[in-house]
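Hello,

Here is the structure for your set-up work. My notes on the ligand site and the nonpolar cores follow it.

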Amino acid sequence: MRKKIVAGNWKMNKNLQEGIALATELSVMLAADKPACDVIIGTPFIHLAKISEVIDHKNIRLSAQNCADKASGAYTGEVSAEMVKSTGAEYVILGHSERREYYKETYDILKEKVQLALANGLKVIFCIGESLDEREKGIQNQVVKAELEGSVFNLSADAFKNIVIAYEPIWAIGTGKTATAEQAEEIHAYIRSVIAEKYGRQIAEETSILYGGSCKPSNAAELFSKPDIDGGLIGGASLKAADFKGIIDAWKR
Ligand code: PEP
């Protein structure tokens with residue numbers, strides 16, 4: 001069966017010392033109380049190598065939050081997928097709405113990033129989701145389908161097995177406004193059906209689809225109880241070990 005996952009996205013928070021302290025605290029907590037799901041933390045680039053040394057990789061997997069759309073060379077300030085992989089990270093988050101909006105990452109740029117990530121042995125947490133305006137117009141299904149078609153449906157079936165989807169309605173990210181479990185389940189089921197049309201039922205059934213957007217300990221269990229919700233991508237609540245652990249523990253209820 002598909003993996004149950006709780007993934008944290010620290011965004012641009014925590015200096016190196018604070019990040020090491022948070023990862024260590026979480027690692028100690030999870031050593032004492034083993035998670036019932038895969039746990040991933042998505043840290044800033046500069047934390048990856050150091051945090052890789054302090055965590056128990058059996059309980060916590062590491063993720064970057066981005067990688068370059070070029071393999072190597074004269075791209076000042078960029079960090080390649082190969083570099084990310086060399087830190088001990090296993091995943092990279094791509095397609096986050098903040099990167100699409102603030103850094104103008106297009107379908108084509110994301111397609112390049114996804115291919116380079118996979119070519120370098122990383123798994124990809126690929127984010128999709130509609131804006132409030134698109135939800136109000138009732139076009140959320142078209143939006144998520146276009147995002148999949150634009151950047152990941154070019155992959156072979158074998159390559160697609162390394163993709164985790166994160167459905168994140170933009171209107172719920174960092175706003176305190178969560179999609180209801182029913183709203184989230186409806187679109188997760190739709191996303192799975194679109195994957196099934198493209199890659200067949202079996203691959204669709206094996207693809208983990210995470211929900212993201214103001215997920216917290218108090219609402220995680222209800223969201224995760226839905227058949228097509230395989231876990232969460234967590235922003236704000238991943239910055240405190242106790243809150244993040246509260247969400248991880250939702251898989252035990
Ligand atoms: C995110 O940005 O991936 C996210 C889900 O943020 P938050 O949990 O803070 O809404």
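A polar contact here is a pair of N or O atoms within 3.5 Å; within protein, one must be able to donate a hydrogen and the other to accept it, and residues adjacent in sequence count only if both atoms are side-chain atoms. This is a predicted model: local features need pLDDT of at least 70, side-chain atom pairs count only at pLDDT 80 or more, and totals for chains, interfaces and linings use all residues. Residues are numbered from 1 along each chain as its sequence is written, and side-chain values use heavy atoms, with hydrogens and water left out.

Ligand site. A polar side-chain atom of His96 sits 2.7 Å from a ligand oxygen atom. Glu168 also places a polar side-chain atom 2.7 Å from an oxygen atom of the ligand. From Gly236, a polar backbone atom is 2.9 Å from a ligand oxygen. Alone, the ligand exposes 300 Å², and the protein buries 94% of that (Shrake-Rupley method, 1.4 Å probe; for residues, only the protein chains shown count as cover).

Cores. A nonpolar core is a set of buried Ala, Val, Leu, Ile, Met, Phe, Trp, Tyr and Cys residues joined through side-chain atoms within 4.5 Å; buried means under 20% relative accessible area (1.4 Å probe, protein chains only). The largest has 69 residues, and Phe126, Ile163, Ile191 and Phe224 have the most contacts inside it. A second, separate core has 11 residues, including Ile5 and Tyr91.

Ile163 is in contact (heavy atoms within 4.5 Å) with Val114, Leu118, Val124, Phe126, Val152, Leu155 and Thr207, leaving aside neighbours within four places in sequence.

Best wishes

Definitions and conventions
Buried means under 20% relative accessible area, exposed over 50%, partly exposed in between (1.4 Å probe, protein chains only).
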